[in-house]
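Please look over the sequence and the structure shown below.

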Amino acid sequence: SGELLYEKDPDEPLPLASLTKLVAAMTYLDTKPDLDKPIAFNTADNGIGREIVPLDETFTGNDVLQALLVGSANEAANALARTQGGKQAFVEAMNKKAKAIGMERTVFVDASGEDPRNRGTARDVATALKAAMAYPEIASAASKPQVSVKGIKKAYLVKSTNLLIASDLNRGEYKVVAAKTGTLPEAGYCFA
C-alpha cells in the first residue's frame with residue numbers, strides 16, 4: 001500500500017554501499033541497451049571485495065545486470081559504467097536519475113557503491129527501490145536466490161547476497177518480493 005510503518009532518521013544522509021546498484025541498474029536500462037550485446041570485463045573493472053565473475057570474461061548485458069543485482073558484483077557495475085560512456089559520465093547520469101525520481105539528498109561518486117561518499121537517506125532508498133521495481137528486468141533479478149550467467153568461457157553460478165530470498169522465512173503474506181543488500185565498513189549492513 002505504500003503506508004509508512006516505521007521511520008527513524010529517514011532524512012539523514014548515510015553511505016549507501018551496494019544499494020547504489022539500484023540506481024546504476026536503472027541508469028543502464030534507461031539507455032535502452034541491447035541486452036544481448038556482449039560486455040567484456042577487464043582489469044579496469046576490478047573492485048574491492050570478492051570477485052563474483054572473472055575479469056577476463058565476456059557476458060551479455062542481461063547477464064551483467066543479473067550479476068549486478070543478484071550477486072551485487074562490483075565488477076559488473078564498473079563494467080557497465082565503463083562501457084556506457086565512461087565512468088564519470090555514467091555517475092553523472094546516475095545523479096540525474098536520482099534527482100528525477102525524487103531522491104532529494106542522494107549523491108553518487110561511483111557506480112558500484114564501493115565509495116562511502118555515495119550517500120543517501122533511508123527515504124531516498126525507499127524511493128529508489130519503488131522506482132526500480134517498475135523496471136521488469138530489475139524486479140525479476142532482485143527476486144532471485146541465484147542465477148547462472150554465461151560467459152564465453154563457461155557459465156558461473158551467482159548467489160544472491162540477500163539470504164531472505166531463499167529462506168524458509170520468505171513465504172506467506174510477508175514474502176520479500178525483491179530486495180537489494182549492501183555492506184561497507186562505513187555503511188554497515190544495508191537492506192532495501
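How do the residues of the lining of the second largest pocket divide into nonpolar, polar and charged? In this predicted model, that lining has seven nonpolar, eleven polar and three charged residues.

The largest pocket, for its part, has a volume of about 1,100 Å³. Of the 32 residues that line the largest pocket, those closest to its centre are Ala122, Val125, Ala126, Thr127 and Leu129. Strand S1 (14–15), helix H5 (122–132) and strand S8 (188–191) are the elements that each give two or more residues to the lining of the largest pocket, and H5 provides the largest share of that lining, with seven residues. By class, the lining of the largest pocket has 20 nonpolar, five polar and seven charged residues.

| Pocket | Volume | Lining residues by class |
|---|---|---|
| Largest pocket | about 1,100 Å³ | 20 nonpolar, five polar, seven charged residues |

**Helix H2**

Helix H2 spans residues 61–70, and because nine of its ten residues are buried, H2 is largely enclosed by the rest of the structure. The buried residues of H2 are Gly61, Asp63, Val64, Leu65, Gln66, Ala67, Leu68, Leu69 and Val70.

**Helices H1 and H4**

Two packed helices are described by the angle between their axes and the distance between the axes. For helix H1 (residues 20–30) and helix H4 (residues 87–101), the axes come within 9 Å and cross at roughly 100°. Since angles of 65 to 115 degrees count as roughly perpendicular, H1 and H4 are therefore roughly perpendicular to each other. On the side of H1, the contact is made by Thr20, Val23, Ala24, Met26, Thr27, Tyr28 and Asp30, while H4 contributes Phe90, Ala93, Met94, Lys97 and Ile101. By class, this contact of H1 with H4 has eight nonpolar, two polar and two charged residues.

Technical notes: Residues numbered from 1 in each chain as written. Predicted model: local features only at pLDDT ≥ 70, side-chain atom pairs only at ≥ 80, totals over all residues. Heavy atoms only, no water. 1 Å grid on protein atoms, 1.4 Å probe; cavity = no way out; pocket = protein on both sides within 12 Å on 5 of 7 lines; lining within 4 Å. Points joined across faces, edges and corners; volume = space filled by probe spheres on them. Helix = DSSP H or I, 4+ residues; strand = E, 2+ residues; numbered from the N terminus. Nonpolar A, V, L, I, M, F, W, Y, C, P; charged D, E, K, R; others polar. Buried < 20%, exposed > 50% of the residue type's maximum accessible area, 1.4 Å probe, protein only. Axes fitted to C-alpha atoms, helices over the stretch in contact; angles between N-to-C directions. Parallel < 35°, antiparallel > 145°, perpendicular 65-115°, else oblique. Contact = heavy atoms within 4.5 Å.
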